[in-house]
Amino acid sequence: MNSILKIENLSKTYYSLKGEVKAIDNFSLNVNDGDYISIIGSSGCGKSTILNILSFLDKDYDGNINFRDNNVKVGYMLQEDSLFDWLTVYENAILGLKVKHILTKQNIQYVKKLLSKYGLKDFMNKYPKSLSGGMRQRVALIRTLAVKPDILLLDEPFSALDYQTRLKVSDDVYRIIKEEGKTVIMVTHDIAEAISMSDKVVVLSKRPCKIKNIYEILLTNKSTPINNRKAKEFTYYYDLLWRDLDEMVS
């Protein structure tokens, strides 16, 4: 597979009047086209900081981040859906296009196609308060997809949802991402979520975070996240990841 992103020796240090704190130490990762990679680790170890750097929100770091070319676009979906209650579903979905000044006829048609394709056609002119949690997440994802990113960064995208909704939405989001052919780097605290959705899971050490292990997830009859939790290899991977994380806590 072709590499779309190479991260080499990424390090990040925060400076304050009290001194310096190293958050990331020598993080290197190769990301291929179509990869779905999850990053897990203890709270505060630096997972979200990595996403902030990859999305260009944080430019103060050491190391090299090399995208395949200058045309690679990155989309960032945060923990909360961050929909504006005074805008309609359609207006929320095209917000990124407005901000980037690319609200063309072609891009508008693309957004409408996504809303229709993924069950939101009848809600385009309604407001977010009339949507379920899962539908709100779909709108947030479509808003991110509207600018046609090559790589999606997902920061705990289901953490605000209850367990049952979380399972259903993870299936919805996974299906959309695969159908649209996107490459994904997702941060999550949920081991089961990481295994059921990912091709690879990166386990980070405690701060300053380094890569402790990278696991390639090979499941029999791999399909949707809900069905993947029933795969015979699921428990094996869960135990591996749990032991890695447990060692860092103990």
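Which residues does Gly96 touch, not counting residues up to four places away in sequence? Gly96 touches Arg143 and Val147, where touching means heavy atoms within 4.5 Å; the close-ups below start there.

This is a predicted model, so local features need pLDDT of at least 70 and side-chain atom pairs count only at pLDDT 80 or more, while totals for chains, interfaces and linings use all residues. Residues are numbered from 1 along each chain as its sequence is written, and side-chain values use heavy atoms, with hydrogens and water left out.

**View 1. Gly96 in helix H3.** Helices here are DSSP runs of H or I with at least four residues, strands are E runs of at least two, and both are numbered from the N terminus. Gly96 is buried, at 18% relative accessible area (buried is under 20%, exposed over 50%, partly exposed in between, with a 1.4 Å probe and protein chains only). Val147 sits 51 residues away along the chain from Gly96, yet their C-alpha atoms are separated by 6.7 Å.

**View 2. Lys98, also found in helix H3.** Lys98 is partly exposed, with a relative accessible area of 47%. Pick out Gly63 as well: Lys98 and Gly63 are 35 residues apart in sequence, and 33 Å apart from C-alpha to C-alpha.

**View 3. Helix H5, residues 133-145.** The 13 residues of H5 reach 18 Å from first C-alpha to last, close to the 18 Å expected (1.5 Å times one less than the number of residues). Twelve of those 13 residues are buried, so H5 is largely enclosed by the rest of the structure. Among the buried ones are Met135, Arg136, Val139, Ala140, Ile142 and Arg143. What covers them includes strands E5 (74-77) and E6 (151-155), along with helices H2 (89-93), H3 (95-99), H4 (105-117) and H6 (163-179).

**View 4. H5 against H6.** The two axes come within 10 Å and cross at roughly 25°; axes are lines fitted to C-alpha atoms, for helices over the stretch in contact, with angles from 0 to 180 degrees between N-to-C directions. That makes H5 roughly parallel to H6 (under 35 degrees; over 145 is roughly antiparallel, 65 to 115 roughly perpendicular, and the rest oblique). On the H5 side, the contact is made by Gly134, Gln137, Arg138, Leu141 and Leu145. H6 brings Thr165, Val169, Asp172, Val173, Ile176 and Ile177. By class, that contact has six nonpolar, three polar and two charged residues (Ala, Val, Leu, Ile, Met, Phe, Trp, Tyr, Cys and Pro count as nonpolar, Asp, Glu, Lys and Arg as charged, and the others, Gly among them, as polar).
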